Amino acid sequence: MVKTDGWGSVSVLEKMEIIDQVSKSYYVESMENKSLNAYEGGCLCGAVRYKVDGEPSVVAHCHCESCQRGSGAGHSTGAVFPAVGVRLTGHVSEYKYTSDNGNEVTRVFCPECGSPILGHNSSTKGYVSITLGTIDDSSNLEPKVVVFARNRKPWDGLDQGLPTFEDQPNWKPEVDV
Ligand SMILES: [Zn+2]
Ligand SMILES: [Zn+2]
């Protein structure tokens, strides 16, 4: 179902069971258009590597409290991709919790070095948010929005000039993962 490209990988879909018709058709369309970009990345120690096809639907700075705790910084910056185009290699650990609005959030990280790799939210099946700092070359990716600005710490400046929301705007895919 998901090409492994010789990565010998466990697809993130098999791992997360979040196959979704929407993302599947998006992926097939992208493949047909042969317009797929590919991003590669990995954790600090190198035990976890990944490859992602396509372009993110959005790149967002999220200042929510769980992103602060999960990243250890003032916010996390994530790129939302259809999960069907994501292939992981290496062993990962998951941490699941229930968000304030009742959705199940899963954070996927390297058990060796602790790097946060990606997350997903049960309200947006079929999409994952990949931490921008783990992408090898993210130089052409631009954050488009700031969310959960209400949780911003005084020492962590907002990205001025971007559309900014106090909490999670009502859109799909949800970027708070
Ligand atoms: Zn690692
Ligand atoms: Zn967040």
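This is a predicted model: local features need pLDDT of at least 70, side-chain atom pairs count only at pLDDT 80 or more; totals for chains, interfaces and linings use all residues.
Lys 144 lies in the loop between strand 10 and strand 11. Lys 144 is partly exposed, because 15 other C-beta atoms lie within 10 Å, and a residue needs 20 or more to count as buried. Leaving aside residues up to four places away in sequence, Lys 144 touches Val 58, Val 59, Ala 60 and Leu 162. Leu 162 is 18 residues from Lys 144 along the chain, yet the C-alpha atoms of the two are separated by 6.2 Å.

Now consider the chain as a whole. It contains three helices and 11 strands. Read from the N terminus, the order of these elements is β-α-α-β-β-β-α-β-β-β-β-β-β-β. The chain has 177 residues, of which 38% count as buried. Among contacts with a separation of 6 or more, 60% are between residues 24 or more positions apart.

How are the strands arranged? Seven strands form an open sheet with mixed pairing, in the order 7-8-9-10-5-4-11. Strand 7, residues 93–98, and strand 11 are at the edges; each has a single partner strand, so one side of each has no neighbour in the sheet. On average, and ignoring direction, neighbouring strands of this sheet are turned by 30° against each other.

Strand 4 and strand 11 run parallel and are joined by three bridges. Here Cys 62 stands opposite Val 147 of strand 11. Strand 4 also pairs with strand 5, this time in the antiparallel sense, over five bridges. In this pairing, Val 58 has Val 80 of strand 5 as its bridge partner.

Is strand 5 buried or exposed? Seven of its seven residues are buried, so strand 5 is largely enclosed by the rest of the structure. In a regular strand, side chains alternate between the two faces of the sheet. In strand 5, Ser 76, Gly 78, Val 80 and Pro 82 point one way, while Thr 77, Ala 79 and Phe 81 point the other way, and all of them are buried.

One more residue deserves a look. Phe 148 is in the segment after strand 11. Its phi is positive, about 55°, although Phe 148 is not a glycine. Is Phe 148 buried or partly exposed? Phe 148 is buried, because it has 23 other C-beta atoms within 10 Å. Lys 144, where the walk began, is partly exposed, with 15 such atoms within 10 Å.

Methods. Residues are numbered from 1 along each chain as its sequence is written. Chains are lettered from A and ligands numbered from 1 in the order in which they are written. Helices (H or I, at least four residues) and strands (E, at least two) are DSSP runs, numbered from the N terminus. A residue is buried if 20 or more other C-beta atoms lie within 10 Å of its own, exposed if 12 or fewer, and partly exposed in between; C-beta atoms are placed from the backbone. Two strands pair if DSSP finds at least two bridges between them. Axes are lines fitted to C-alpha atoms, for helices over the stretch in contact, and angles run from 0 to 180 degrees between N-to-C directions. Two residues are in contact if their C-beta atoms, placed from the backbone, lie within 7 Å.
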